[in-house]
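Student: Before we discuss this model, please show me the sequence and the structure. I would like each label set against its definition.

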Amino acid sequence: MPEEYVKLDVTDIDNFRYDMRRCVRCKGCKWVDHIYMPGSKFSTRCPSEKRYLFDSFSAWGRLRLALGLMDGQVNYSQRLVEAIYKCQLCGACDAGCKRNLDLEISSSLEALRIKCVNDGYGPMPEQKALAEKIEKEHNVFGAPSKNRAKWIKENKPVDETDIIYFVGCYASYKMPEISRATASILNASGRGFKLMGPDEYCCGYPLYSTGQMDKAKEVAEHNIESIENSGARTVVTSCAECYKTLKVDYPKMLGKSTSDMGYQVIHLVEFVEEQLGEGNIQFKNKLDLRLTYHDSCNLARMSEPWVYWEGKRGHFGLTEPTMPRRRGTYGLYGQPRDILKSIPGADLVEMVRIRENAWCCGAGGGVKEAFPDFAKWSADERLLEAKDVGAQALVTTCPRCKENFTNTIKASGDNMSVYDISELIGEAIK
Amino acid sequence: MSIPKEAYRVLESIVGSEFISEDPVDCEAHTPGPNGFETDLGIATIMKRPGCVIFPSTTEEVQKIVRTCNRYKIPFIPVSTQWWSGRGAPKVNDAILLDLKRMDCCEIDERHMYAVVGSGIIYSQLQEEAMKRGLYTTIPGGGSQVGVVANHILYGSSPLNYRTCIANRRILGVEWVLPSGEILRLGSLAFNKDDFLWGEGIGPDLRGLIRGFSPGWMGSMGIVTKMSVKLFPFQPDKPIPTGISPETALELPLSRMRWYNFIMPDKGAVVKAMYEIGKAEIAAGVTKVPLFWRAIAKANNKEEFWEIWDKESEESVAAMNVLRVLLIGFTSERQLEYEEGVLLDIMEELGGKQARTKPTDESWIKNADSAGMWMMCGGYTSLEFDFEAIDHAIEKGVDCSALKKDFTPPLMRAYGDQGWFQVGDFGHVALFEFLTYHDPDDEEIHKVDEWAIALAKLNINKRYYTAQLASHKPLFLTGPAYGPDYHKWMLRIKEEFDPNNLSNPPVPADYDMFVDEAEWMKEIKDW
Amino acid sequence: MEQIVGAKKVFDSADMLGKYATDAGICPPGAPTIIVKPKNAEQVSKVVSFANNNSLPVIPISSGIHFHGTTIPYQGGIVLDLSHMNKILEVDAPNRRVRIEPGVTWEKVLEELEKEELRIITPLLPHASRSVVTDYLEREVPVIPVYEFGEPLLTYEVVWPNGELFRTGSASVPYYPDSPAKGTNPAGPGIDFYRLLQGAQGTMGVVTWANLKLEYLPKTDKILFMTFLSLHDAIEPIYRIPKLRIGQECLLLNHLDLALILANEWPDEFIRLKSVLPSWTLVLVLSGALRRPEEKIAYEEEALQDLKKQFFADMEILHALPGVTGGGRELIKRLRKPWPKEITYWKHRLRGACQDLFFIARPEEAPSYYHQVVDMLPRYGFPLEDMGFYLQPIEQSRACHLEFNFYYNPNEALERERMRILYREIGEELLEMGALFTRPYGDLADLVYEKTASYTTALKKVKNLFDPNNIMNPGRLCF
């Protein structure tokens, strides 16, 4: 096999031709890791494959279609675009494939969306409309950007700190319970926080994840500049989507590694774990609750630092220098659980599919916007698991997960509660 | 060309519009390739995109679909997981692909130790359900991701066969839609369509029709929709999953389950140990480990694998003989202690040195890392394997290894490794498998097809048994040699039960079709 | 025929034909045309080929005694007596395999194997002159349910109804047995031909040799018994004990069958045993393997005691049967051999003959079947005390072989006739209850094949492919 020059660069889908050509249809991208297989129920982790059944809605099918598109055997059609976009990009397929084969599935799927947009067939109209809102008001709601920091109440930002709290659109405009809880935690630790205020644009997740690369890059560059100008060394966020976008996708878009960025991005749970360890935060209040924890994809298997790579690939697919493989092993699985277990009175029960096997809430990848029924269906599937273990409440680390679960519960008339972890921590430290 | 509109309407009325499509996007996605088991080799040149994909959910729906195909003379192919992707595509145009994933029932009769499974259930699902009930099944070499039904009628080989035997004997009741659309029920189902207890025929046993060695009909004799399969008593302490991907494993209850690695002084000692362990009627799995698997286990990625592997030589590979033994205290903890005592006695006699062994199982109890076989080189096939006596495995391994030199490259350098072999049926048989690896984009990839034929001829000339019969290799090459003329019976049976030749044509002669059509095979076709 | 096998091996005298016209069962006599005794597969092939070309029935037989009417020719034809093909062809101790011709009897093979401390696991006390190959082709059930891989039969050479020779499984390699392949894999080639010949009653071809699995004779044994007043009480132990892989031989007999088996002095000891033996006895033999045999027995016995404590604490495990000379320990040796030929066959001791009615079932169903049969016996004036009962767990009790033994006087025409009616009517009733008659002999065949119509249709198609002229034992099964 002749040597080829390859980059981990999703703007050129040809970089992933090798991965698409090496899929063997083991369906590790669909099944829960066989070691953890729970039986005949809750046995898969790909929502789109389960919902739509056809291979076109699976990772292996999409890879085949991508190749077909590249080689002229498949043409764009409504069905194809649907197949490309009815996917939360939750990373289950990537982690599953990396169990055995180390193929770059997530990057292939991202590259496919970027190609789709560049070829003029994507994104979905609803996702495009969202992009226009972001362009206009720098948030997904199209709400006035000057109101971005209106959520602030008692816990106010300070000047003397090296921490920026990146609030995110949802916690800024729609779920102030999250931003207020986070602010209280940051202040309680003594570290305090700064805000970017109207200078904080949408992180760009809805743009990047739907293949709107140019627009995503614009907001990324703006946010990076704002962070750098602030002098902060640490960016804390309480939104998993923002977390992954800032930590992983920003350097990816710029052709850099996470470690090359001038600051570190951490999630609130990392911060709290550290502060608990240093004794700066204590859990004082009891929480009488049987709860289960939902691993948000972007905090879990999708969140390992990005390592830029370019090099040669030759015979047997050997790379030089050795390509780094992000397998989802080092996602933030332990921190939320340790925190919850430390809260007095919290009875943590685990669902069947957890950590790298977690079932996506359904909202990500532009699905909530373009295919709300599918997003709801995915959440319903997950809630079945939560009920199966007798949980009274579902806890998550992402406002988008929280919203999707909450809406789904409401629609079905159920009575399970949904919390963001910041809320429970906030209550526990009062 | 596509399937006739009237036929499509009928099919749609059977399953509902949500479960059928002839959209080229869906049909293309259901076409395997360009990689997979044999999908990168010559047989793939005759693979076609299906004309329609359909998802039935019951045996009755399958029957209606097959009858419709007969009415409109449309070929069809059933798939469950499509793991054997090189054979999971039709070989004729405009065929209907029946994806059986919706048929996912799994019911276990704990007392009588069997599971009734639909064609959509895979092994890791079944194994977990079985273990919850103090039972177990055999995870095959094909992987825990393969369909239970499909694998039971195809292969079903693994170190656990040491106790549980090859899959032929593990099939009980079968619900089978014949190529004509009739439903044939085997075993106790023939008496009562809800009784899945038993598999024997009434008089002659028609389970003999449904599979063989190997690989049976590959979807060319209709569709098995449901089957009861034997489960076996396990021990009460369930192994616990641990670790995070990719380092996941089952933590074994060491008082009841243990793996042992022994470094044996030479291959002869490995073979003697296998015989002695079988004679002693101990153990639950006995297998020689190909050295490159140890390198895979140690390596963090494929580059590291090659760093480790390329340090080996023919001498070092020949000198390193690892025997791996699984003990399970089925009866009690004391049983395991007893068996360990016997095992160590045998090792002392033969000079086997116990090596460090993890207290976990990464492969065989619930997972079998078959997909990982593609990791090293990107391509993998197992073009030679069989079940026969232990010494048959040894002799064949030597010959295969010698022959392989002529085909290396493009085959991966294995430094003379003589194949993987493991014991079955308490030492009455051995499973032998000669695994080879290649780069699917190698310029000389066609030589892998030539290697396949060379192996077939080696078997015939040297009088070895092989699983590479029927559609695995050219039917008209192996047919006259084995039986003799087993192929004639197969073709007669095929003609009788599939008079319209609609069930995955031209299997079992699909490999013959490829050989006839491929330019690079013309020179070597001398039969 | 004389040209093929030699004049001395062809018989058509009335006397000789008469011997082959009946058997030791209840089926009416038939009418063979000629008896031929080939000595090798080539001769068999020529005889069958000739028969096929001339549409003559061929009835292969290999045993010295038959019970189920399967060898009685009802359409004339050639009785192919394979009893002279009685060589033990190979004993392959390392691979634990023996290859024998169909005329090899239990007596011959077990005696030979014992010299090398080997054995074939046996069904219950087979008649010494029964063909081993035939018994396992007919799926007789072994008394040892502990081996998961079951089925001693491996590969065979067969003469198809068209006269062609064929070898099944891994014996199909070119030039077998002059090959590295030993014939230890029954599967294939292509499809599992071996299955088509099982249970076939000689209707699918003539097996001219077979490979069977061997096991080593245990180094030491300990026999245990559990006795029950009610069959129902035996069910739980029957499920639980083999599942823990405890023991080798494991079987349940009623007092009549056990007395028939144990009695050395006839009839006094038999009468005494019948009165002292409990209604039901579970026989369990713990065996030490080749290595550390006592340790094996020790752990199995310990596990058995733990099982008892947990699940049947109020039942006793006995080391000897009370009232039985030797405590019943001689059963260990007896169960590993055929019935001694110098003693009247145990099933013929009581009345001279025995009609077996057997099928596959779930052990838990045994009491219902038993009570059904008991309820029906008065219709035929058949005394309960003349009925034996045998339950054989199969493969760790995933199922069982249930067998009713009806002892009768074969010399009394009325009794024979009564037995025929009883067999058919009780069989029919049990069939309706769900009994799996996978070996439907005699009059049961019609009933069973009618019930399993779609199976029957497919089977006939297969038969027609292999034997379009229906020469192989015509009239048998559904053919």
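**Labels and their cut-offs**

Student: Which residues of H8(C) are buried?

Tutor: They are Leu256(C), Asp257(C), Leu258(C), Ala259(C), Leu260(C), Ile261(C) and Leu262(C). Buried stands for under 20% relative accessible area, exposed for over 50%, and partly exposed for what lies in between, with a 1.4 Å probe and protein chains only. This is a predicted model, in which local features need pLDDT of at least 70 and side-chain atom pairs count only at pLDDT 80 or more, while totals for chains, interfaces and linings use all residues. Residues are numbered from 1 along each chain as its sequence is written, chains are lettered from A and ligands numbered from 1 in the order in which they are written, and side-chain values use heavy atoms, with hydrogens and water left out.

Student: What makes helix H8 of chain C largely enclosed?

Tutor: Seven of the eight residues of H8(C), which covers residues 255–262, are buried, so the rest of the structure largely encloses this helix. Helices (H or I, at least four residues) and strands (E, at least two) are DSSP runs, numbered from the N terminus. The cover over the buried residues of H8(C) includes strands E13 (250–254), E14 (280–288), E16 (387–394) and E17 (399–408) of chain C, together with helices H9 (268–276) and H11 (331–334) of chain C.

Student: Why is Ser80(B) called buried?

Tutor: Its relative accessible area is 15%, and the label follows because that value falls under the limit for buried. Ser80(B) sits in the loop between strand E3 (76–79) and strand E4 (96–99) of chain B. Not counting residues up to four places away in sequence, Ser80(B) touches Asp99(B), Ser119(B), Gly147(B) and Ala150(B); a contact means heavy atoms within 4.5 Å.

Student: What makes Arg167(C) buried?

Tutor: Arg167(C) has a relative accessible area of 13%, and is therefore buried. Arg167(C) belongs to strand E9 (residues 165–167) of chain C. Leaving aside neighbours within four places in sequence, the contacts of Arg167(C) include Gly483(B), Tyr156(C), Tyr176(C) and Trp209(C). Leu350(C) lies 183 residues from Arg167(C) in sequence and 42 Å away in space, C-alpha to C-alpha.

Student: How do you know that chain C is as compact as a globular protein of its length?

Tutor: Chain C has 15 helices and 17 strands. Its radius of gyration is 22 Å, close to the 23 Å from the globule rule for 479 residues, so chain C is as compact as a globular protein of that length. The radius is taken over C-alpha atoms, and the rule is 2.2 Å times the number of residues to the power 0.38. Of the 479 residues of chain C, 67% count as buried. Among contacts in chain C between residues at least 6 apart in sequence, 72% join residues at least 24 apart.

Student: What does the rule give for chain A?

Tutor: Chain A has 18 helices and 10 strands. The rule gives 22 Å for its 430 residues and the radius of gyration is 21 Å, so chain A too is as compact as a globular protein of that length. Along its principal axes the C-alpha trace of chain A spans about 60 × 50 × 40 Å.

Student: How do you know that strands E2 and E3 of chain A pair?

Tutor: Two strands pair if DSSP finds at least two bridges between them. Four bridges join E2(A) (residues 163–166) to E3(A), and these strands run parallel. Ile164(A) stands opposite Val235(A) in E3(A). Four bridges also join E3(A) to E4(A) (residues 264–267), again in parallel, with Thr237(A) opposite His267(A) in E4(A). In E3(A) (residues 234–237), Thr234(A) and Val236(A) point one way, Val235(A) and Thr237(A) point the other way, and all are buried.

Student: What makes E12 and E18 of chain B edge strands?

Tutor: The open sheet has three strands in the order E12-E13-E18 (chain B), with antiparallel pairing. Strands E12 (240–242) and E18 (360–361) of chain B each pair on one side only. E13(B) (residues 249–251) and E18(B) are joined by two bridges in the antiparallel sense, with Glu251(B) opposite Thr360(B) in E18(B).

Student: How do you know that chains A and C do not touch?

Tutor: No contact joins chain A and chain C, and their closest C-alpha atoms lie 22 Å apart. Of the two pairs of chains that touch, chains B and C have the most contacts.
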